[in-house]
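User: I'd like to learn how to read side-chain and helix packing in a model like this one. Can you take me through it feature by feature?

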Amino acid sequence: MINVPFASVDVMHREIKDEMLEAFNRVYDNNWFIQGRECEEFEKEFAAYCGASYCVGCGNGLDALYLILRAYGIGKGDEVIVPSNTYIATALAVSYTGAKPIFVEPYIETFNINPGLIEAAVTDKTKAIMAVHLYGQPARMDEIKNVAKRYNLKVIEDSAQAHGATYKGIKTGALGDAAGFSLYPGKNLGALGDGGVIVTNDEELAKRCRALGNYGSDYKYHHIYKGNNSRLDELQAALLRVKLRSLDKWNKRRNEIAHMYIDGIDNENVILPVTDKDMTHVYHIFGIRTSKRDDLERYLSDKGIGTNKHYPIPMHLQGAYAELGFKEGDFPVAEEISKTELSMPMYYGMTDEEVSYVIDAVNSWR
(Lines give C-alpha, C1' and ligand atoms only; values in the text may rest on other atoms or scores of the structure.)
Protein backbone atom coordinates (compact mmCIF):
# COMPACT_ATOMS: atom_id res chain seq x y z
CA MET A 1 0.00 0.00 0.00
CA ILE A 2 1.18 3.53 -0.81
CA ASN A 3 0.19 6.39 1.48
CA VAL A 4 -0.93 9.38 -0.62
CA PRO A 5 -1.96 12.46 1.37
CA PHE A 6 -4.71 14.74 0.11
CA ALA A 7 -2.20 17.61 -0.05
CA SER A 8 1.43 18.29 0.78
CA VAL A 9 3.85 21.21 0.48
CA ASP A 10 6.88 19.11 1.37
CA VAL A 11 8.54 18.76 -2.05
CA MET A 12 7.70 22.31 -3.01
CA HIS A 13 9.22 23.75 0.14
CA ARG A 14 12.31 21.55 0.04
CA GLU A 15 13.09 22.71 -3.50
CA ILE A 16 13.03 26.40 -2.53
CA LYS A 17 14.26 26.12 1.06
CA ASP A 18 17.53 28.00 0.52
CA GLU A 19 15.79 30.87 -1.25
CA MET A 20 13.11 31.00 1.46
CA LEU A 21 15.71 31.13 4.23
CA GLU A 22 17.56 33.87 2.37
CA ALA A 23 14.32 35.86 2.17
CA PHE A 24 13.67 35.31 5.88
CA ASN A 25 17.17 36.46 6.78
CA ARG A 26 16.78 39.54 4.61
CA VAL A 27 13.62 40.60 6.43
CA TYR A 28 15.06 39.66 9.82
CA ASP A 29 18.18 41.73 9.26
CA ASN A 30 16.24 44.71 7.86
CA ASN A 31 14.19 44.99 11.08
CA TRP A 32 11.19 46.33 9.14
CA PHE A 33 8.15 44.09 9.37
CA ILE A 34 5.04 45.99 8.23
CA GLN A 35 4.48 48.05 5.06
CA GLY A 36 8.03 47.95 3.78
CA ARG A 37 9.92 47.21 0.60
CA GLU A 38 9.16 43.46 0.45
CA CYS A 39 5.41 44.01 0.41
CA GLU A 40 5.75 46.84 -2.09
CA GLU A 41 7.83 44.66 -4.43
CA PHE A 42 5.55 41.63 -4.09
CA GLU A 43 2.54 43.80 -4.92
CA LYS A 44 4.25 45.05 -8.07
CA GLU A 45 5.32 41.54 -9.07
CA PHE A 46 1.93 39.94 -8.48
CA ALA A 47 0.08 42.74 -10.29
CA ALA A 48 2.40 42.24 -13.26
CA TYR A 49 1.90 38.46 -13.09
CA CYS A 50 -1.88 38.94 -13.30
CA GLY A 51 -1.58 41.54 -16.05
CA ALA A 52 -3.15 44.22 -13.84
CA SER A 53 -2.02 47.66 -12.72
CA TYR A 54 -2.41 47.54 -8.95
CA CYS A 55 -2.12 45.07 -6.10
CA VAL A 56 -2.80 45.71 -2.42
CA GLY A 57 -1.70 43.24 0.25
CA CYS A 58 -4.05 42.41 3.10
CA GLY A 59 -4.58 39.92 5.90
CA ASN A 60 -6.39 37.11 4.08
CA GLY A 61 -8.69 36.29 1.18
CA LEU A 62 -11.89 37.09 3.08
CA ASP A 63 -10.56 40.53 3.94
CA ALA A 64 -9.60 41.08 0.29
CA LEU A 65 -13.20 40.58 -0.83
CA TYR A 66 -14.62 42.56 2.09
CA LEU A 67 -12.30 45.53 1.50
CA ILE A 68 -13.24 45.63 -2.20
CA LEU A 69 -16.93 45.71 -1.34
CA ARG A 70 -16.37 48.41 1.30
CA ALA A 71 -14.29 50.45 -1.12
CA TYR A 72 -17.18 50.37 -3.61
CA GLY A 73 -19.50 51.69 -0.91
CA ILE A 74 -21.58 48.51 -0.73
CA GLY A 75 -23.37 48.13 2.59
CA LYS A 76 -26.66 47.89 4.43
CA GLY A 77 -29.67 47.60 2.12
CA ASP A 78 -27.59 46.43 -0.82
CA GLU A 79 -27.44 42.99 -2.44
CA VAL A 80 -24.54 41.11 -4.00
CA ILE A 81 -25.02 38.04 -6.20
CA VAL A 82 -22.83 35.06 -5.23
CA PRO A 83 -22.79 31.41 -6.34
CA SER A 84 -24.80 29.01 -4.20
CA ASN A 85 -21.83 26.64 -4.46
CA THR A 86 -18.67 28.15 -2.96
CA TYR A 87 -16.73 28.43 0.27
CA ILE A 88 -18.60 30.48 2.86
CA ALA A 89 -15.99 33.28 2.81
CA THR A 90 -17.55 34.56 -0.42
CA ALA A 91 -20.86 35.19 1.32
CA LEU A 92 -19.28 36.33 4.59
CA ALA A 93 -17.49 39.17 2.81
CA VAL A 94 -20.89 40.43 1.67
CA SER A 95 -22.47 39.98 5.09
CA TYR A 96 -19.68 41.85 6.88
CA THR A 97 -20.52 44.99 4.89
CA GLY A 98 -24.16 44.76 6.02
CA ALA A 99 -25.29 43.79 2.50
CA LYS A 100 -27.21 40.62 1.66
CA PRO A 101 -25.76 37.72 -0.36
CA ILE A 102 -28.11 36.51 -3.11
CA PHE A 103 -27.42 32.91 -4.11
CA VAL A 104 -27.44 31.79 -7.76
CA GLU A 105 -27.00 28.17 -8.81
CA PRO A 106 -23.90 26.81 -10.62
CA TYR A 107 -23.41 24.52 -13.57
CA ILE A 108 -23.12 21.05 -12.10
CA GLU A 109 -20.45 20.11 -14.70
CA THR A 110 -17.98 22.91 -13.87
CA PHE A 111 -19.18 23.87 -10.35
CA ASN A 112 -19.12 27.59 -11.31
CA ILE A 113 -22.02 30.07 -11.34
CA ASN A 114 -24.48 29.80 -14.25
CA PRO A 115 -24.58 33.27 -15.86
CA GLY A 116 -27.93 32.45 -17.47
CA LEU A 117 -29.55 32.50 -14.02
CA ILE A 118 -28.03 35.76 -12.80
CA GLU A 119 -30.41 38.24 -14.45
CA ALA A 120 -33.44 36.77 -12.68
CA ALA A 121 -31.73 37.46 -9.34
CA VAL A 122 -31.01 41.14 -10.07
CA THR A 123 -33.14 43.70 -8.20
CA ASP A 124 -32.92 47.46 -7.71
CA LYS A 125 -30.82 46.67 -4.61
CA THR A 126 -28.17 44.67 -6.51
CA LYS A 127 -24.78 46.36 -6.60
CA ALA A 128 -22.31 43.65 -7.66
CA ILE A 129 -21.77 40.11 -8.89
CA MET A 130 -19.15 37.99 -7.13
CA ALA A 131 -17.68 35.68 -9.77
CA VAL A 132 -15.97 32.77 -8.03
CA HIS A 133 -13.33 30.86 -9.97
CA LEU A 134 -14.00 27.69 -8.04
CA TYR A 135 -11.40 24.92 -7.69
CA GLY A 136 -9.07 26.83 -10.06
CA GLN A 137 -11.28 27.25 -13.14
CA PRO A 138 -12.45 30.74 -14.19
CA ALA A 139 -16.14 31.50 -14.31
CA ARG A 140 -17.71 32.45 -17.66
CA MET A 141 -16.67 36.07 -17.40
CA ASP A 142 -17.94 37.45 -20.72
CA GLU A 143 -21.49 36.32 -19.97
CA ILE A 144 -21.27 37.59 -16.39
CA LYS A 145 -19.93 40.96 -17.51
CA ASN A 146 -22.69 41.27 -20.10
CA VAL A 147 -25.30 41.00 -17.37
CA ALA A 148 -23.36 43.40 -15.17
CA LYS A 149 -23.14 45.96 -17.96
CA ARG A 150 -26.89 45.88 -18.55
CA TYR A 151 -27.57 46.70 -14.90
CA ASN A 152 -24.49 48.81 -14.09
CA LEU A 153 -23.11 46.29 -11.60
CA LYS A 154 -19.56 45.77 -10.41
CA VAL A 155 -17.93 42.40 -11.15
CA ILE A 156 -15.66 41.18 -8.37
CA GLU A 157 -13.56 38.06 -8.87
CA ASP A 158 -13.19 35.67 -5.96
CA SER A 159 -9.87 34.28 -7.14
CA ALA A 160 -8.97 32.54 -3.89
CA GLN A 161 -8.38 29.22 -5.69
CA ALA A 162 -7.33 30.38 -9.14
CA HIS A 163 -3.82 31.89 -9.07
CA GLY A 164 -2.56 31.79 -12.64
CA ALA A 165 -5.72 30.47 -14.31
CA THR A 166 -6.76 32.19 -17.54
CA TYR A 167 -9.93 32.99 -19.47
CA LYS A 168 -9.41 33.71 -23.17
CA GLY A 169 -5.73 34.27 -22.46
CA ILE A 170 -6.27 36.76 -19.63
CA LYS A 171 -5.29 35.80 -16.10
CA THR A 172 -7.68 35.88 -13.19
CA GLY A 173 -7.25 39.15 -11.36
CA ALA A 174 -7.58 41.13 -14.59
CA LEU A 175 -10.99 39.85 -15.70
CA GLY A 176 -13.35 41.99 -13.60
CA ASP A 177 -13.40 45.34 -11.82
CA ALA A 178 -11.36 43.94 -8.95
CA ALA A 179 -10.26 40.57 -7.58
CA GLY A 180 -9.54 39.12 -4.17
CA PHE A 181 -6.96 36.35 -3.75
CA SER A 182 -6.30 34.19 -0.73
CA LEU A 183 -2.68 33.33 0.08
CA TYR A 184 -3.56 30.66 2.64
CA PRO A 185 -0.73 28.07 2.86
CA GLY A 186 -2.63 25.39 0.91
CA LYS A 187 -3.37 27.59 -2.11
CA ASN A 188 -1.48 27.24 -5.40
CA LEU A 189 0.40 30.34 -4.26
CA GLY A 190 0.43 30.14 -0.49
CA ALA A 191 2.17 32.03 2.29
CA LEU A 192 3.50 30.38 5.45
CA GLY A 193 0.52 31.77 7.28
CA ASP A 194 -2.50 33.86 6.37
CA GLY A 195 -2.37 36.47 3.66
CA GLY A 196 -4.38 37.97 0.82
CA VAL A 197 -4.22 40.50 -2.00
CA ILE A 198 -6.56 42.75 -3.95
CA VAL A 199 -5.83 43.16 -7.66
CA THR A 200 -7.39 45.81 -9.89
CA ASN A 201 -6.83 48.25 -12.75
CA ASP A 202 -8.70 50.95 -10.81
CA GLU A 203 -6.21 53.27 -9.11
CA GLU A 204 -8.80 54.97 -6.91
CA LEU A 205 -10.19 51.63 -5.74
CA ALA A 206 -6.67 50.43 -4.89
CA LYS A 207 -6.07 53.57 -2.82
CA ARG A 208 -9.34 53.15 -0.93
CA CYS A 209 -8.66 49.46 -0.26
CA ARG A 210 -5.17 50.25 1.03
CA ALA A 211 -6.51 52.92 3.36
CA LEU A 212 -9.39 50.75 4.58
CA GLY A 213 -6.97 47.95 5.42
CA ASN A 214 -4.72 50.34 7.34
CA TYR A 215 -7.18 51.62 9.96
CA GLY A 216 -8.79 53.86 7.35
CA SER A 217 -5.59 55.89 7.09
CA ASP A 218 -4.16 57.39 3.92
CA TYR A 219 -1.08 58.58 5.82
CA LYS A 220 0.10 58.19 9.39
CA TYR A 221 -2.44 59.32 12.02
CA HIS A 222 -4.76 60.71 9.32
CA HIS A 223 -7.91 58.57 9.14
CA ILE A 224 -10.44 59.16 6.37
CA TYR A 225 -12.48 55.95 6.90
CA LYS A 226 -13.47 53.71 9.78
CA GLY A 227 -11.08 51.06 8.61
CA ASN A 228 -9.64 47.69 9.60
CA ASN A 229 -6.23 46.34 10.43
CA SER A 230 -5.62 44.01 7.47
CA ARG A 231 -2.12 44.15 6.01
CA LEU A 232 0.22 41.66 4.39
CA ASP A 233 3.37 41.57 6.53
CA GLU A 234 6.91 41.89 5.21
CA LEU A 235 7.96 38.34 6.02
CA GLN A 236 5.06 36.73 4.16
CA ALA A 237 5.57 39.10 1.23
CA ALA A 238 9.26 38.18 1.00
CA LEU A 239 8.48 34.47 1.07
CA LEU A 240 5.72 34.91 -1.52
CA ARG A 241 8.14 36.69 -3.84
CA VAL A 242 10.22 33.50 -3.85
CA LYS A 243 7.21 31.26 -4.42
CA LEU A 244 5.71 33.41 -7.19
CA ARG A 245 8.73 32.62 -9.37
CA SER A 246 7.75 28.92 -9.33
CA LEU A 247 3.97 29.26 -9.57
CA ASP A 248 3.71 28.47 -13.28
CA LYS A 249 5.87 25.37 -12.84
CA TRP A 250 3.72 24.17 -9.95
CA ASN A 251 0.52 24.82 -11.91
CA LYS A 252 1.92 22.94 -14.89
CA ARG A 253 2.46 19.85 -12.73
CA ARG A 254 -1.07 20.14 -11.33
CA ASN A 255 -2.35 20.09 -14.90
CA GLU A 256 -0.27 17.01 -15.69
CA ILE A 257 -1.73 15.21 -12.68
CA ALA A 258 -5.26 16.32 -13.59
CA HIS A 259 -4.92 15.00 -17.13
CA MET A 260 -3.56 11.70 -15.85
CA TYR A 261 -6.71 11.45 -13.72
CA ILE A 262 -8.97 12.42 -16.62
CA ASP A 263 -7.33 9.97 -19.02
CA GLY A 264 -7.00 7.18 -16.48
CA ILE A 265 -10.12 7.12 -14.33
CA ASP A 266 -12.68 4.81 -15.91
CA ASN A 267 -15.45 3.94 -13.50
CA GLU A 268 -19.13 4.17 -14.40
CA ASN A 269 -19.90 5.36 -10.87
CA VAL A 270 -17.58 8.37 -11.12
CA ILE A 271 -18.22 11.68 -12.91
CA LEU A 272 -15.08 13.59 -13.87
CA PRO A 273 -14.80 17.41 -13.82
CA VAL A 274 -15.25 19.41 -17.02
CA THR A 275 -13.11 22.33 -18.18
CA ASP A 276 -14.95 24.99 -20.19
CA LYS A 277 -13.56 26.08 -23.54
CA ASP A 278 -11.34 29.19 -23.49
CA MET A 279 -10.15 28.33 -19.95
CA THR A 280 -6.92 27.19 -18.40
CA HIS A 281 -7.61 25.39 -15.14
CA VAL A 282 -5.02 25.39 -12.35
CA TYR A 283 -6.66 22.55 -10.37
CA HIS A 284 -6.43 23.86 -6.85
CA ILE A 285 -9.02 21.11 -6.37
CA PHE A 286 -9.61 18.07 -8.57
CA GLY A 287 -13.22 17.26 -7.70
CA ILE A 288 -14.99 14.16 -8.93
CA ARG A 289 -18.63 13.30 -8.20
CA THR A 290 -20.34 10.08 -7.26
CA SER A 291 -23.69 9.22 -5.73
CA LYS A 292 -21.81 6.89 -3.37
CA ARG A 293 -19.36 9.54 -2.21
CA ASP A 294 -19.02 8.41 1.41
CA ASP A 295 -18.41 4.80 0.33
CA LEU A 296 -15.65 5.87 -2.05
CA GLU A 297 -14.14 8.12 0.60
CA ARG A 298 -13.90 5.20 3.04
CA TYR A 299 -12.58 2.85 0.35
CA LEU A 300 -9.78 5.23 -0.60
CA SER A 301 -8.96 5.94 3.04
CA ASP A 302 -8.53 2.20 3.66
CA LYS A 303 -5.98 2.22 0.83
CA GLY A 304 -4.03 5.10 2.39
CA ILE A 305 -5.38 7.77 0.04
CA GLY A 306 -6.39 11.12 1.50
CA THR A 307 -9.44 12.94 0.18
CA ASN A 308 -11.58 15.93 1.11
CA LYS A 309 -15.04 17.34 0.40
CA HIS A 310 -15.60 20.81 -1.07
CA TYR A 311 -18.09 21.51 0.46
CA PRO A 312 -20.27 19.05 2.44
CA ILE A 313 -22.87 21.62 3.59
CA PRO A 314 -24.04 24.27 1.11
CA MET A 315 -24.11 27.86 2.35
CA HIS A 316 -27.89 28.23 2.38
CA LEU A 317 -28.15 25.32 4.84
CA GLN A 318 -25.41 26.54 7.17
CA GLY A 319 -26.49 27.78 10.59
CA ALA A 320 -24.66 31.04 9.88
CA TYR A 321 -27.31 31.85 7.25
CA ALA A 322 -30.36 30.45 9.00
CA GLU A 323 -31.87 33.96 9.10
CA LEU A 324 -32.30 33.84 5.31
CA GLY A 325 -34.94 31.16 5.81
CA PHE A 326 -33.78 28.66 3.20
CA LYS A 327 -34.60 24.96 3.41
CA GLU A 328 -33.34 21.80 1.76
CA GLY A 329 -34.41 21.74 -1.88
CA ASP A 330 -34.15 25.52 -2.42
CA PHE A 331 -30.84 25.23 -4.29
CA PRO A 332 -30.82 21.67 -5.64
CA VAL A 333 -27.69 21.96 -7.79
CA ALA A 334 -25.55 23.22 -4.90
CA GLU A 335 -27.06 20.51 -2.68
CA GLU A 336 -26.30 17.80 -5.25
CA ILE A 337 -22.67 18.94 -5.47
CA SER A 338 -22.42 19.00 -1.68
CA LYS A 339 -23.68 15.42 -1.47
CA THR A 340 -21.58 13.98 -4.30
CA GLU A 341 -18.27 15.88 -4.65
CA LEU A 342 -15.03 14.22 -3.53
CA SER A 343 -11.64 15.91 -3.93
CA MET A 344 -8.74 13.74 -5.05
CA PRO A 345 -5.09 14.17 -3.97
CA MET A 346 -3.58 17.09 -5.89
CA TYR A 347 -0.27 18.78 -5.15
CA TYR A 348 3.10 19.62 -6.65
CA GLY A 349 5.49 16.81 -5.76
CA MET A 350 2.97 14.03 -6.29
CA THR A 351 4.71 11.30 -8.30
CA ASP A 352 3.37 9.51 -11.36
CA GLU A 353 3.41 6.31 -9.29
CA GLU A 354 1.20 7.92 -6.66
CA VAL A 355 -1.19 9.28 -9.29
CA SER A 356 -1.43 5.83 -10.90
CA TYR A 357 -2.08 4.28 -7.50
CA VAL A 358 -5.01 6.67 -6.93
CA ILE A 359 -6.37 6.00 -10.44
CA ASP A 360 -6.17 2.21 -9.95
CA ALA A 361 -7.91 2.51 -6.58
CA VAL A 362 -10.77 4.57 -8.01
CA ASN A 363 -11.14 2.17 -10.94
CA SER A 364 -11.20 -0.88 -8.68
CA TRP A 365 -13.97 0.55 -6.47
CA ARG A 366 -17.46 -0.75 -7.05
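User: Let's start with burial: is Phe103 buried or exposed?

Analyst: Buried means under 20% relative accessible area, exposed means over 50%, and partly exposed is what falls in between, using a 1.4 Å probe and protein chains only. Phe103 has a relative accessible area of 7%, so it counts as buried. Phe331 is buried too, at 10% relative accessibility.

User: Before we go on, what should I know about the model itself?

Analyst: This is a predicted model, so local features need pLDDT of at least 70 and side-chain atom pairs count only at pLDDT 80 or more, while totals for chains, interfaces and linings use all residues. Residues are numbered from 1 along each chain as its sequence is written, and side-chain values use heavy atoms, with hydrogens and water left out.

User: Now for aromatic rings: how many aromatic pairs does the structure hold?

Analyst: A pair of aromatic rings is described by how far apart the centres are and by the angle of the planes. Rings of Phe, Tyr and Trp (its six-membered ring) pair if their centres lie within 6.5 Å; planes under 30 degrees apart are stacked, over 60 edge-to-face, and the rest tilted. There are 14 aromatic pairs here.

User: Why is the pair of Tyr283 and Phe286 called tilted?

Analyst: Their ring centres are 5.9 Å apart and their planes are at 35 degrees, so the pair is tilted. Both Tyr283 and Phe286 are buried. Rings can gather in groups as well: Phe42, Phe46, Tyr49 and Phe181 form one aromatic cluster.

User: Which charged residue sits over the ring of Tyr49?

Analyst: A charge sits over a ring if NZ of Lys or CZ of Arg is within 6 Å of the ring centre and within 35 degrees of the ring normal. For Tyr49 it's Lys171, whose charged end is 4.4 Å from the ring centre. Over at Tyr107, Arg140 lies over the ring face, at 4.2 Å from the centre.

User: Next, helix packing: at what angle do H4 and H5 pack?

Analyst: Two packed helices are described by the angle between their axes and the distance between the axes. Axes are lines fitted to C-alpha atoms, for helices over the stretch in contact, and angles run from 0 to 180 degrees between N-to-C directions. Helix H4 (residues 61–71) and helix H5 (residues 89–96) pack at about 40 degrees, with their axes 8 Å apart. That makes H4 oblique to H5; under 35 degrees would be roughly parallel, over 145 roughly antiparallel, 65 to 115 roughly perpendicular, and the rest is oblique.

User: What about handedness, left or right, for H4 and H5?

Analyst: A crossing is left-handed if the near helix is turned anticlockwise from the far one by less than a right angle, and right-handed if clockwise. H4 and H5 cross right-handed. Contact (heavy atoms within 4.5 Å) is made by Leu62, Leu65, Tyr66 and Leu69 of H4 with H5 residues including Ala89, Leu92 and Tyr96.

User: And how do H3 and H8 cross, left-handed or right-handed?

Analyst: The crossing of H3 and H8 is left-handed. Helix H3 (residues 37–50) and helix H8 (residues 234–244) have axes that come within 8 Å and cross at roughly 35 degrees. Among the H3 residues in contact are Phe42, Phe46 and Tyr49, which also belong to the aromatic cluster.

User: Let's finish on the backbone: where is the cis peptide bond?

Analyst: It joins His310 and Tyr311, with omega about 10 degrees. Tyr311 lies in the loop between H10 and H11 and is one of the residues touched by Ser338. Ser338 itself is in helix H11 and is buried at 3% relative accessible area.

User: Which is Tyr135, buried or exposed?

Analyst: Tyr135 is buried, with a relative accessible area of 2%. Its phi is positive, about 65 degrees, although it isn't a glycine. Asn152 isn't a glycine either, yet has a positive phi of about 55 degrees; this residue is exposed at 72%.

Conventions. Helices (H or I, at least four residues) and strands (E, at least two) are DSSP runs, numbered from the N terminus. Lists of a residue's contacts leave out its neighbours within four places in sequence.
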